[in-house]
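Please open the model in your viewer and keep the selection panel at hand. The tour moves from one selection to the next and says what is to be found at each stop.

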Amino acid sequence: MESRKRTFLRALVAAAALAALGGAAFAQSAAPVKIGLLATLEGPFAAGGQDGIRGAELAVRQRNGMVAGRKIEIIKASSDAKPDVAVNATRKLVEQDKVDIMVGPLSGSEGIAVKEYSKTQPSITFINGSSGAQATTLVNPSPNFFRFNTDGGQWMVGLGKAALDKGYKRVMVIAEDYAFPYSQVQGFMTEYCKLGGKVPVKAWVPLGGKDYSSVIARIPKDVDALVVVLGGADAVNFLNQYEQAGGDKPLIGGSITVSQDILNYKGKRRDSLVGTIAGAPIADAYEAPEWKAFVADYKKNFPDGYPSPSLFALVYYLNMKATLDGLEAVKGDLSDGQKKYREALTKMVLKTPVGDVKLDQNRQAIGTTFVTEVVKDAQGNLYNKVLRKIDNVNQTLGMPPAEFKIGSRDEPNCP
């Protein structure tokens, strides 16, 4: 009898221990997932950064702030488009706030810097915000950095041909002097030069510049159009000064130059953006039901936003949606150095408002690009209509990797 009693007691103790372990495991699995969210809320891209935050928040709201029974806790941080500031803000989120996953940053050179920092934090998964420099994923990629948006070069596919179809045989480039505009110009010029276009002058201007008079004075009389890759306050300053100088050359826009944050600024030069062709991962007037549903959801959730989501809102949305879809796929399991989670991200086909996105071997998006034209609606609002849609654009723009050259100040060149 005594022996049976001991056996029974041992069984009770064992059961209690298992219950305690199970309870601890459940408590751990039900703990909030902390996601660091970094955007430029200061400096020339502040308006775009605010809309990027809206896009990321929309993806969280669509899941009512929960994934696989775990609450999503967002911890925000700001940068100003400078790489060192972005890394310092990311470091605080990772090392002090102890986030599980990072989403961000916004700007191209920031993305390269955060990618390099991610290599020092192998237990944290980093997912891009909206940064679009080619080198972020194409040069020395990080095994724990993922980008579910196509890059600045991919966004310009098809624009070179569209420019020549408009009769723009010679153009001048005016672009900010850092990694993302290099990628945009590369994406445009690779096709444009191959088809016979000429670029006699490139003017690289500092990020956050305010005086464009010397650049405007350099515009040759014999160019047919200007390729302008300026964003945020830089774009607004240039457009206003070009108007004041009596400039009348048609424009070919970089993706960030015709985003909603620019199309909604107030100024005389704004109307002269009508007719501007551009390349982008977004088109305001895209007719797909998924896009229309996304726009309606954005406007419902953010009545203080733009008439249509900006490029930054869309791209932050894509990356946050991928973050959450990946968590759902592994039922919130971030154990073992987030191994299962990263495998799920790698294999994911992300369903988005602009088509499916899948990743290449460098964890870089393959997706859709639009060639667009700025038009005005009956209420006087400017928006981008679709001229052409190109699916499955990869990072080397369809070229063999050995032939592909990353954009720089001097590459490509077709004077």
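Begin at the second largest pocket, which has a volume of about 220 Å³. A pocket here is an open set of points on a 1 Å grid over the protein atoms alone, with protein on both sides within 12 Å along at least five of seven lines, and lining residues have an atom within 4 Å of a point; grid points are joined across faces, edges and corners, and a volume is the space filled by probe spheres set on the points. This is a predicted model, in which local features need pLDDT of at least 70 and side-chain atom pairs count only at pLDDT 80 or more, while totals for chains, interfaces and linings use all residues. Residues are numbered from 1 along each chain as its sequence is written, and side-chain values use heavy atoms, with hydrogens and water left out.

Select D284, V295, K299, P307 and S308, which lie nearest the centre of this pocket among the 15 residues that line it. Helices (H or I, at least four residues) and strands (E, at least two) are DSSP runs, numbered from the N terminus. By class, the lining of the second largest pocket has 7 nonpolar, 3 polar and 5 charged residues, where Ala, Val, Leu, Ile, Met, Phe, Trp, Tyr, Cys and Pro count as nonpolar, Asp, Glu, Lys and Arg as charged, and the others, Gly among them, as polar.

Turn next to the cavities, sets of points where a 1.4 Å probe fits but cannot get out; the count comes to 3 of 30 Å³ or more. The largest cavity has a volume of about 90 Å³, and of the 14 residues that line it, T150, L318, V354, V357 and T368 are the closest to its centre. Both α12 (311-329) and β14 (365-376) supply at least two residues of this lining, with β14 giving the most, 3 residues. For the second largest cavity, of about 80 Å³, select L106, S107, F180, I256 and F312, which lie nearest its centre among 13 lining residues; this lining divides into 8 nonpolar, 5 polar and no charged residues.

Now select C193 and C414, which form a disulfide with their sulfur atoms 1.9 Å apart; a disulfide is a pair of cysteine sulfur atoms within 2.5 Å. The pair links distant parts of the chain, 221 residues apart, with C193 in helix α7 (residues 179-194) and C414 in the segment after β15 (382-393). The torsion about the S-S bond of C193 and C414 is about -50°, so the disulfide is left-handed.

Move to T90 in helix α3 (residues 83-96). Is T90 buried or exposed? With a relative accessible area of 0%, T90 is buried, a term for under 20% relative accessible area (1.4 Å probe, protein chains only). Leaving aside its neighbours within four places in sequence, T90 is in contact (heavy atoms within 4.5 Å) with L38, M102, V114, Y117 and F126.

Finish at helix α9 (residues 232-244), whose 13 residues should span 18 Å at 1.5 Å a residue, and whose end C-alpha atoms are 19 Å apart, which agrees; the expected span is 1.5 Å times one less than the number of residues. Among the buried residues of α9 are V236, F238 and L239, and what covers its buried residues includes β7 (170-176) and α8 (213-217). After α9 comes G246, whose phi is positive, near 80°.

Terms used. Buried < 20%, exposed > 50% of the residue type's maximum accessible area, 1.4 Å probe, protein only.
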